[in-house]
Each structure stands twice: as structure tokens, then as C-alpha cells.
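Colleague: I'm new to this one. Can you walk me through it?

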Amino acid sequence: MIRTELCERLGIKYPLIQAGMGPFGTNRLCIACANAGVLGLISASALEFKFMSEDTYEMFKRTFEPGIEGPTPAETLKNIFRRTLERTRESGGIFGVNVMVSEEVRGPAEEMIRATLEVREDDPEMRRRLRVLVTSAGNPVPWAEMVKSSDLFWMHVVPSVRAARKCVEAGVDGIIASGHEGGFHVAWEPLHTMTLLPAVVDACPGVPVVGAGGFCDGRTLVAALALGAQGVQMGTRFLCTQESDFVDLWKESILKAGDRGTVVARGIVGPARYIRSPFSEEMVEVTVKYSPGVYTGKPDDLTTVPVEVLLKEMEGFSATYRGERERALTAGGECAQRINDLPTVKELVERIMREAEETLARLRSL
Ligand SMILES: Cc1cc2nc3c(=O)[nH]c(=O)nc-3n(C[C@H](O)[C@H](O)[C@H](O)COP(=O)(O)O)c2cc1C
């Protein structure tokens with residue numbers, strides 16, 4: 001069986017991470033992934049952005065079971081952790097949480113991380129199984145003192161070697177190198193997985209690196225291992241499973257995505273990769289008009305972009321959640337064009353690992 005040092009350190013069966021995919025819920029998906037031997041991640045960003053967007057929170061709430069919502073976002077997150085622990089007790093599955101730490105949500109991000117530390121405090125089982133914090137979309141350095149006061153395994157997501165060096169400075173336990181082909185938020189200056197992943201591995205010796213962006217099967221997993229990664233994080237692939245909390249229309253958009261089936265346009269927090277549709281193509285036109293920097297690697301500031309343009313993204317997501325096909329907007333990675341089925345998480349994981357073993361055997365015989 002293919003195992004890496006990351007598997008040993010986290011106690012997971014396979015070198016696979018199910019990506020956090022906020023601001024949408026991944027509560028049920030996380031449980032299914034943890035039960036299947038994958039590191040499952042809860043997305044906390046809808047709770048962080050609750051003060052800005054009730055619409056997003058409403059989409060997130062669809063993934064709640066009765067009794068999950070608490071009086072504050074922090075209490076809600078703790079309840080989600082408790083429910084996840086309960087639902088993964090039999091398998092002893094390992095899970096974690098993804099918290100976005102960008103400047104505009106500094107306060108709420110701190111609340112989420114504090115809730116994660118607190119819920120683990122007096123519960124040895126929670127400490128053992130709520131094992132990982134994945135921070136993203138910001139500078140990891142200011143968070144080091146708080147996170148390193150616990151024994152959480154801390155990973156940070158990066159789109160460049162420069163950002164990976166910041167992770168080393170912050171003392172993270174692992175780095176997720178996320179290439180431009182990945183789903184939803186991407187970087188202003190495109191760097192794809194094939195270049196980014198080995199460059200981060202080389203720049204950060206001794207720190208486990210996980211690849212993200214474009215991974216969806218056993219062959220791509222083996223490719224990541226060949227590039228020096230200790231595992232892969234998959235977003236779009238896990239989104240398109242039976243247990244995934246995303247609505248059917250979203251999954252259908254991935255299943256239908258054809259050759260070159262994604263576009264990059266300006267979303268509310270920056271460039272984002274969407275599944276190609278009339279709506280997302282309209283967003284590309286608007287981006288060219290107000291925010292051409294997306295395509296030339298030059299960050300814009302929001303002053304050039306009218307508010308109604310920024311709000312388009314949320315309108316599109318809300319339409320998807322209401323089942324309005326003509327106005328639907330969905331996000332996903334380039335690998336959407338390689339995804340053609342809706343398996344259970346267990347079936348998917350077994351297939352990925354079987355294909356990875358077969359691929360290794362084939363390579364050995366060359
Ligand atoms: C719908 C969607 C939402 C996402 N939301 C987040 C998020 O809230 N935080 C984050 O760090 N990454 C987010 N991502 C990126 C994933 O964590 C992951 O890195 C990416 O999907 C990997 O590329 P792939 O889609 O090719 O697997 C999101 C991806 C998708 C598809």
C-alpha cells in the first residue's frame with residue numbers, strides 16, 4: 001500500500017486530503033472522507049464571512065443537522081467538530097479544519113482558530129482526531145504564536161515559492177502548494193502545479209509538501225509523489241461525490257464540463273476559476289473591462305470594480321443553490337473535464353489507490 005511519512009504523522013490511511021471548499025459546507029463530505037481513510041477538512045469560511053454575507057451563510061446552513069447551529073459562529077464550529085467526532089468514532093477517522101486568514105477576516109479567523117484550540121482542550125479523543133489546521137489566503141507568520149501553542153498539525157496553502165518561504169519562517173508543519181489549475185480562488189500571477197510543486201519541495205527541505213490543483217485520480221497522485229510531494233489535496237474531485245454537501249446542479253456542472261471547461265474571472269476576493277457557462281463567460285467580459293490585471297498578473301484594487309460587479313458572483317452561487325440553471329454559477333478546477341462520474345467517497349478512494357498502485361507497477365516495468 002502506498003503510504004508516505006505524512007500518513008504516519010497524521011494517522012491517515014492514504015496520502016489524500018479532501019480540500020476545504022468554503023464558503024460552502026463540507027460537513028458531510030468530511031465525515032465520509034475521514035471514514036474512508038482520507039484527511040477530511042471542515043470549511044469554516046462561511047462562519048468567518050457570516051457578518052458580510054448572510055446569503056453565503058444560508059447556503060452553508062443547508063449542510064447542518066438539527067442542533068448544530070450555536071449562539072455564535074465559534075459555538076457552531078465546535079458543534080460541527082463534536083458531530084464529526086461522533087460520526088467518525090467507529091472508523092477512528094482523522095479530520096481537520098480550513099480557516100481563511102486574509103486581512104479582511106482577521107477577527108473572525110482568530111475566533112475560528114481559538115474555537116478549534118478550545119474544543120480540543122479537555123478532550124483527548126478530539127485532540128487525537130481533530131488533528132489538522134489548514135490556513136489559507138493570507139500570511140501565516142502572524143498566526144504562528146497562537147497556532148504553535150497547541151499540538152495541532154499546521155498546514156498553510158501557497159501559490160508561490162515566495163509564500164512557501166513565509167511558511168518556513170512561520171514554522172508550519174506542512175505546506176500545500178496549490179497550482180493555477182485548481183478550483184475557485186487562484187493567484188494573480190499564474191504558476192501551475194507542474195512547476196510550483198517541485199519548486200516548493202526544493203525550496204523547503206525537511207517540510208512535508210502536499211500538491212493541490214489538478215489532482216483527481218491515481219495517475220495524478222503518483223505524479224505528485226514523483227515531484228516530491230507527500231500527498232495530494234483534491235477539491236473538485238471530492239466535490240463530485242455522492243456524499244458531498246454541494247447541490248446537484250453544482251455536481252452536474254462538473255460532470256458536464258468539457259475540454260477547456262473552466263474560465264478565470266474576478267470574483268469577490270480576487271481571481272477565481274469557474275466552470276464555463278454563459279454566466280461565467282459574462283464574468284470574463286466584465287473582468288476584461290474593469291479588472292484586466294487578472295490576466296496580466298497585476299493585482300487590482302477594488303476601487304476599479306463597481307460593487308454590482310463584485311456582487312455578481314454571489315448572485316450566481318445563490319441561483320445555483322435555488323436550482324436556476326440559466327443563471328447558475330459554479331467554481332471548479334481544470335480537472336473537471338476529467339471527472340465523469342459521481343461515486344461514493346469510499347468507491348472513489350479505493351479506485352484512486354488501486355490506480356496509483358497499477359501506475360507504479362507500470363512505471364517500474366519501463
Ligand atoms: C468550490 C470550491 C471552493 C473552495 N474553497 C476554498 C476555501 O474556502 N479555502 C481554501 O483554502 N481553498 C478553497 N478551494 C480550493 C481547494 O481547497 C483546493 O486547493 C483546490 O480545489 C485544489 O484544486 P482541484 O480543484 O483541482 O482539486 C476551493 C475549491 C473549490 C472547487
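Modeller: We'll take the ligand surroundings, then some strands. Keep in mind that this is a predicted model.

Colleague: Which residues come nearest to the ligand?

Modeller: Gly22, Asn98, Gly214, Gly235 and Thr236 come nearest, out of 23 residues around the ligand.

Colleague: What classes of residue does that shell have?

Modeller: There are 13 polar and 10 nonpolar residues in the shell, and no charged ones.

Colleague: Which side chain has an N or O atom 2.8 Å from a ligand oxygen?

Modeller: That is the side chain of Ser136. A backbone N or O atom of Gly183 sits 3.1 Å from an oxygen of the ligand. For a backbone N or O atom of Gly213, the distance to a ligand oxygen is 3.4 Å.

Colleague: And how much of the ligand's accessible area does the protein cover?

Modeller: On its own the ligand has 600 Å² of accessible area, and the protein covers 95% of that.

Colleague: Which strands and helices supply at least two residues of the shell?

Modeller: Strand 3 (95–100), strand 9 (231–234) and helix 12 (236–239) each do.

Colleague: New topic. Is strand 4 enclosed or open?

Modeller: Largely enclosed by the rest of the structure, because 7 of its 7 residues, 130–136, are buried.

Colleague: How does strand 4 run relative to strand 3?

Modeller: Strands 3 and 4 run parallel, joined by 6 bridges. Asn98 has Val134 of strand 4 as its bridge partner.

Colleague: How many bridges join strand 4 to strand 5?

Modeller: There are 4, and these two strands also run parallel. Leu133 has Trp154 of strand 5 as its bridge partner.

Terms used. Residues numbered from 1 in each chain as written. Predicted model: local features only at pLDDT ≥ 70, side-chain atom pairs only at ≥ 80, totals over all residues. Heavy atoms only, no water. Near = heavy atom within 4 Å. Polar contact = N/O pair within 3.5 Å; in protein donor to acceptor, adjacent residues only side chain to side chain. Areas by Shrake-Rupley, 256 points an atom, 1.4 Å probe, with all protein chains shown as cover. Nonpolar A, V, L, I, M, F, W, Y, C, P; charged D, E, K, R; others polar. Buried < 20%, exposed > 50% of the residue type's maximum accessible area, 1.4 Å probe, protein only. Pairing = 2+ DSSP bridges.
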